[in-house]
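User: I have a model open and want to go through its packing. Can we start with the core and then look at some helix pairs?
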Amino acid sequence: MTRQCFHCNEAIPTGINLSVEINNTQQPMCCIGCQAVAQTIVDNGLTQYYTVRTEPAHKGQALVPEQLQKNKLLDEAVLQSEFIFHSSKSDGKSNEFKEAILTVDGISCAACAWLIEMQLDKLPGLTNINVNATSQRATVKWQDDQVKLSDILLAIENIGYQAMPFKANDAEISNKKQSKAFIKRLGISGILMMQVMMIAFGLYFGAFSDMTEHNTIYLRWVSFILSTPIIVYGAFPFYTGAIKAIRAKRLSMDVPVSIAIILAFSASAWATITQQGEVYFESVSMFTFLLLIGKFLEFRARSRAAQVSANLLKLMPLTAVKLISADDINNSEQLVAAKNLAKGDLVLVKPGEVVPADGIIISGISQLNEAMLSGEQLPISKTVNDKVFAGTINGDGNITVEVKQTSTQSFLSQLIRLSEQSQAHKPKIAKLSDKIAQYFVALILLTSIATAIYWQQHLPEEAFWITLSVLVATCPCALSLATPTGLTCATTRLNKAGIMIKGGHVMETMPKVDCFAFDKTGTLTTGEFTINNISLFTDNPLYTREKTLAIAAALEAHSEHPIAKPFTEYRDFSLDADNVQVHSGQGVSGVINNIDYAIGKYAWIQSLNLAGSHNINTTALKQTDSNIESSTCVLMANNQVIAAFYLVDKLREDTFDTLRALNKHSETHLLSGDNQTACNAIARTLPIKNALGGLSAKDKMQQIKAAQAQGLTVAMTGDGVNDSPVFGAAHISIAMGCGADITKSGADVILLNNKLSSINTLITVSHKTKRIIQQNYLWAFGYNAIVLPLAVMGYITPYMAVIGMSASSILVITNSLRLLKK
């Protein structure tokens with residue numbers, strides 16, 4: 001008789017002897033393909049597929065149930081566009097890496113996060129994974145040509161956790177679902193526990209003393225039946241956590257807790273069945289109930305700390321009004337999904353509506369509330385060519401916005417992604433504590449065994465409960481929560497204040513900073529220049545004041561430096577500059593109407609020496625030589641200096657107070673590309689210890705390295721393109737929110753609110769975070785150091801053990817939540 005393939009129901013060729021064990025029975029397979037698919041179904045616990053399917057699978061077709069196929073769909077580019085962030089390799093090739101935030105269900109403590117990181121680190125092509133146990137999210141980065149997102153999700157599922165791309169609404173639904181499940185377990189366990197306790201109190205205090213022995217046995221059986229759902233259903237999360245850890249050949253906090261619950265219940269059940277010995281159903285029921293309360297309070301605290309970034313994503317509108325060109329004059333309005341907007345689309349944002357995407361205003365004037373980015377509630381006036389950001393709220397005017405970034409590349413999405421990364425960063429002390437926690441669990445188990453052996457010989461009737469207390473009281477949950485909760489709350493607090501942390505090391509390094517270096521233009525000052533005066537050094541009638549300004553404007557149009565902006569209003573579009581070169585931190589050169597021009601710092605103009613010398617009008621020079629060096633920039637035509645421009649820039653309102661506060665504990669330095677005269681002038685009005693002018697980017701780097709050579713930890717604050725290379729030399733780099741994009745991309749911290757006083761806030765919060773994390777570790781280590789010997793000596797009862805373990809974890813989380821307060 002011809003054998004048939006169990007999977008596809010086709011005939012098995014002669015000589016093929018393949019099979020898969022399904023439901024304890026070896027089932028024949030016709031080919032390697034069917035065998036592989038069937039084995040996948042078995043490995044994922046989905047053998048019920050074979051009992052409910054209505055027809056066999058097609059030969060060679062991986063017909064896998066929906067639970068496995070759904071992950072494959074997430075590899076589709078259309079779906080990935082909603083949650084994937086693309087990053088480049090250092091060699092400049094684009095789209096080499098993909099990055100995503102995942103919501104991971106089933107994380108119960110920091111050991112779970114560590115377990116996931118260790119297991120997934122083995123995947124080829126996965127370049128980075130950071131799991132945040134507090135927010136229950138993972139940030140993953142991978143090379144798409146080596147590993148797919150579905151492979152990553154499957155690897156997470158293989159160790160017992162469920163992961164899906166993070167979406168704010170989905171995360172909120174998941175949190176509500178988990179909260180309801182917790183409350184359900186608590187409710188059932190609490191009600192049944194009270195019934196068991198009532199019976200136990202009656203037996204202990206003699207309420208049933210006149211009852212016959214078989215009635216007492218009956219009450220024991222009632223307690224056994226009532227406590228069974230508590231042990232099986234109520235304590236189920238502890239069992240699953242322990243099984244996940246053991247399957248991965250690791251030890252987690254759930255292992256000793258599960259052992260304690262199972263041993264206590266088993267011993268009582270055996271005493272009930274054999275009618276010999278004492279039963280402690282009330283103890284194990286109360287024990288489990290208190291553990292569940294601790295877990296629930298811990299879950300609520302974690303949810304509170306994690307909800308801020310989820311709430312940020314919820315600011316993104318679901319729909320947008322897209323303008324579609326009907327003819328050369330009129331545009332028709334079409335309501336579309338905001339996530340489907342593409343670069344170049346035009347959208348209409350009406351008063352009171354939320355901006356759906358990052359872009360620039362091409363028509364209209366309004367005031368926008370950017371509190372979600374900067375923490376500043378006052379609306380900001382916006383007009384044509386101004387940038388707007390997704391999630392900000394339009395005020396009182398209609399504006400038309402040209403989309404510049406898709407939803408996944410928006411500033412808000414990057415803010416959330418970078419916040420997740422910085423929260424998941426582990427300082428050295430956290431990595432050390434993770435290792436200690438693993439060995440500590442093993443130590444607990446060994447100590448429990450030794451305790452049981454000792455007390456069994458000296459006090460057998462108490463040996464079991466003393467051992468139980470050791471297993472529970474010393475569980476190092478608080479140890480693993482000490483750092484993640486502190487970093488999450490600190491980052492959340494800073495985000496609310498308009499400070500975005502990009503570098504994971506910032507919170508660890510900031511308390512050590514004792515030297516602050518600042519750029520001048522756009523950092524200590526507002527960067528909003530106005531032309532205060534012009535000096536002409538030529539008698540040539542072609543170079544009138546207006547003509548000179550127009551030439552300067554044509555050159556400065558190619559620069560992003562704040563100094564270039566005040567020339568915009570003098571732009572004459574009949575003048576076009578060719579062969580333009582932007583010399584970073586120095587100036588701009590180009591050709592206009594066959595004449596070589598250069599505009600920039602006086603020292604740079606002198607150094608050009610295009611034809612050997614600069615023919616400056618001698619009389620004019622004698623009258624102005626003392627002032628020309630203090631000019632902001634100088635214009636040269638065919639080797640002749642024809643004009644000097646004097647620009648004024650006002651200080652930021654909080655510059656003085658910020659520097660005064662920094663000087664109390666740190667050195668302050670001004671490193672500017674402006675001339676020394678201008679730097680000296682500003683230094684006389686500010687409490688800054690050292691002011692250096694005329695510096696190139698290379699010079700600034702040398703100054704920073706010199707300070708580091710003296711043992712100082714340096715933080716550099718800037719805003720311009722020329723500050724970007726300097727950031728790499730500093731221990732911490734801080735960019736102003738109004739600065740150039742390249743500067744912000746290379747910074748560790750971005751001051752979204754453009755307030756220098758935020759540096760003091762960052763220092764305060766980082767010091768407080770350091771203290772709170774240290775307090776957390778002090779409590780966690782101190783608690784275990786005190787409790788372990790007391791539990792071994794029998795001074796701690798199981799009740800006290802449960803309360804102590806839960807209280808230690810809750811105390812650590814509550815202590816960290818203090819960082820959320822201003």
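User: How many residues are in the largest nonpolar core, and which have the most contacts inside it?
Analyst: This is a predicted model. Its largest nonpolar core has 51 residues. Those with the most contacts inside the core are Phe238, Val257, Ile261, Val284, Phe287, Leu291 and Met805.
User: Which helix gives the most to this core?
Analyst: Helix α11, residues 281-314, with 10 residues.
User: And what does valine 257 touch?
Analyst: Leaving out residues up to four places away in sequence, Val257 touches Phe238, Leu291, Cys475 and Met805.
User: What does the second, separate core include?
Analyst: That core has 47 residues, and Phe516, Ala715, Ile732 and Leu819 are among them.
User: Switching to helices. At what angle do α9 and α10 pack?
Analyst: About 125°, with the axes 8 Å apart; α9 covers residues 236-247 and α10 covers residues 254-274. The two helices are therefore oblique to each other. The crossing of α9 past α10 is left-handed.
User: Which residues make the contact?
Analyst: From α9, Pro237, Phe238, Tyr239, Gly241, Ala242, Ala245 and Ile246. From α10, Asp254, Val255, Val257, Ser258, Ile261 and Ile262. By class, the contact of α9 with α10 has 10 nonpolar, two polar and one charged residues.
User: How far apart are the axes of α22 and α27?
Analyst: They are 9 Å apart, at an angle of about 35°, for α22 (residues 655-662) and α27 (residues 758-792). Asp657, Thr658, Ala661 and Leu662 of α22 meet Ile759, Asn760 and Ile763 of α27. The α22 contact with α27 has four nonpolar, two polar and one charged residues.

Terms used: Residues are numbered from 1 along each chain as its sequence is written. This is a predicted model: local features need pLDDT of at least 70, side-chain atom pairs count only at pLDDT 80 or more; totals for chains, interfaces and linings use all residues. Side-chain values use heavy atoms; hydrogens and water are left out. Axes are lines fitted to C-alpha atoms, for helices over the stretch in contact, and angles run from 0 to 180 degrees between N-to-C directions. Helices (H or I, at least four residues) and strands (E, at least two) are DSSP runs, numbered from the N terminus. Angles under 35 degrees count as roughly parallel, over 145 as roughly antiparallel, 65 to 115 as roughly perpendicular and the rest as oblique. A crossing is left-handed if the near helix is turned anticlockwise from the far one by less than a right angle, and right-handed if clockwise. Contact means heavy atoms within 4.5 Å. Ala, Val, Leu, Ile, Met, Phe, Trp, Tyr, Cys and Pro count as nonpolar, Asp, Glu, Lys and Arg as charged, and the others, Gly among them, as polar. A nonpolar core is a set of buried Ala, Val, Leu, Ile, Met, Phe, Trp, Tyr and Cys residues joined through side-chain atoms within 4.5 Å. Buried means under 20% relative accessible area, exposed over 50%, partly exposed in between (1.4 Å probe, protein chains only).
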